[in-house]
Amino acid sequence: MERLTERLRLVPIGRQHAGELWRLHWDESVAAWYWGRYTAQQAERVAATMGRGWQTRGVSKWLAYDRGSGELVGRGGLSYKTLVGAEWLEVGWLLRREYWGNGYATEIGRAGIDFAFGELGAAEVVAFTEPHNARSRAVMVRLGMRYQREITHESDRYALYTITAPSPG
Ligand SMILES: CC(C)(COP(=O)(O)OP(=O)(O)OC[C@H]1O[C@@H](n2cnc3c(N)ncnc32)[C@H](O)[C@@H]1OP(=O)(O)O)[C@@H](O)C(=O)NCCC(=O)NCCS
């Protein structure tokens, strides 16, 4: 289930990737958006949950590696998420700080959307972020996603974006 994009190798996250997740969330610029750095236990829990997602639902997040250097760039892609009382395919992204500003998050997001509308046959994909996360909102816009409204999820406010599958033909 690996996937190649122009510049990235996307690898399904499993419980063996706890160390990579911990490393990504150690980055201060990343941790600021996730209530602080991951503990080792948190990284293990998230890696295990993502691994279960791949096993039971056939989809979860990827780790993204630079195809040229092999360096860890970030993570992202799809997962099922319950938001505003319904289950959606959600696409997301996160990059190590030194990789911001090169279009990598957009590349990961596009791979997720292609996967959803291609292999998974989904009708719609959502993305959400804190209203003041301008960089993440800009990725959504670059991907052609449309702002819908603000929602409340687990007591916090988020901006919700959607994209629908292109009509056949
Ligand atoms: C959100 C986040 C992933 C966005 O990263 P990003 O680097 O701004 O987004 P992209 O990778 O799409 O890069 C876009 C930038 O690269 C530029 N760019 C260069 N080459 C590009 C290409 N081939 N395609 C698209 N953009 C390109 C764009 O012009 C844009 O530049 P700008 O920031 O000066 O406007 C990053 O800020 C991050 O990891 N934040 C912390 C975690 C987080 O908030 N995650 C989201 C939670 S919902």
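Let me begin with a definition: a residue is called buried at under 20% relative accessible area, exposed at over 50%, and partly exposed in between, using a 1.4 Å probe and protein chains only. At 28% relative accessibility, Ala-86 therefore counts as partly exposed.

Good morning. What I present is a predicted model, in which local features need pLDDT of at least 70 and side-chain atom pairs count only at pLDDT 80 or more, while totals for chains, interfaces and linings use all residues. Residues are numbered from 1 along each chain as its sequence is written, and side-chain values use heavy atoms, with hydrogens and water left out.

I stay with Ala-86 for a moment. Ala-86 lies in strand E5; helices (H or I, at least four residues) and strands (E, at least two) are DSSP runs, numbered from the N terminus. Between Ala-86 and Glu-124 there are 38 residues in sequence and 13 Å in space, C-alpha to C-alpha. Gly-85 is found in the loop between E4 and E5. Gly-85 counts as exposed because its relative accessibility is 76%. The C-alpha atoms of Gly-85 and Gln-55 are 24 Å from each other, and the two residues are 30 apart along the chain.

Let us turn to the aromatic rings. Rings of Phe, Tyr and Trp (its six-membered ring) pair if their centres lie within 6.5 Å; planes under 30 degrees apart count as stacked, over 60 as edge-to-face and the rest as tilted. How many aromatic pairs does the structure hold? There are seven. One of them is the stacked pair of Trp-22 and Trp-26, at 5.1 Å centre to centre with 25 degrees between the planes. Both residues belong to helix H1 (residues 18-26), where they are four residues apart, about one turn of the helix. Trp-22 is partly exposed, at 35% relative accessibility, and Trp-26 is partly exposed too, at 43%.

A further pair joins Trp-62 and Phe-115: the centres are 5.9 Å apart and the planes stand at 35 degrees, so the pair is tilted. This pair links distant parts of the chain, with Trp-62 in strand E3 (residues 61-66) and Phe-115 in helix H4 (residues 104-117), 53 residues apart. Are these two residues buried or exposed? Both Trp-62 and Phe-115 are buried. Ring pairs also bring Trp-54 into a cluster with Trp-62 and Phe-115.

Charges can sit over rings as well, which requires NZ of Lys or CZ of Arg within 6 Å of the ring centre and within 35 degrees of the ring normal. The charged end of Arg-37 sits over the ring of Trp-26, 3.7 Å from its centre. Likewise, the charged end of Arg-137 sits over the ring of Tyr-147, at 5.1 Å from the ring centre.

Where is Thr-162 placed? Its place is in strand E8 (residues 156-164). Thr-162 is buried, because its relative accessible area is 9%. The side chains of Thr-162 and Gln-148 are joined by a polar contact of 2.7 Å. Such a contact is a pair of N or O atoms within 3.5 Å; within protein, one must be able to donate a hydrogen and the other to accept it, and residues adjacent in sequence count only if both atoms are side-chain atoms.

Thank you for your attention.
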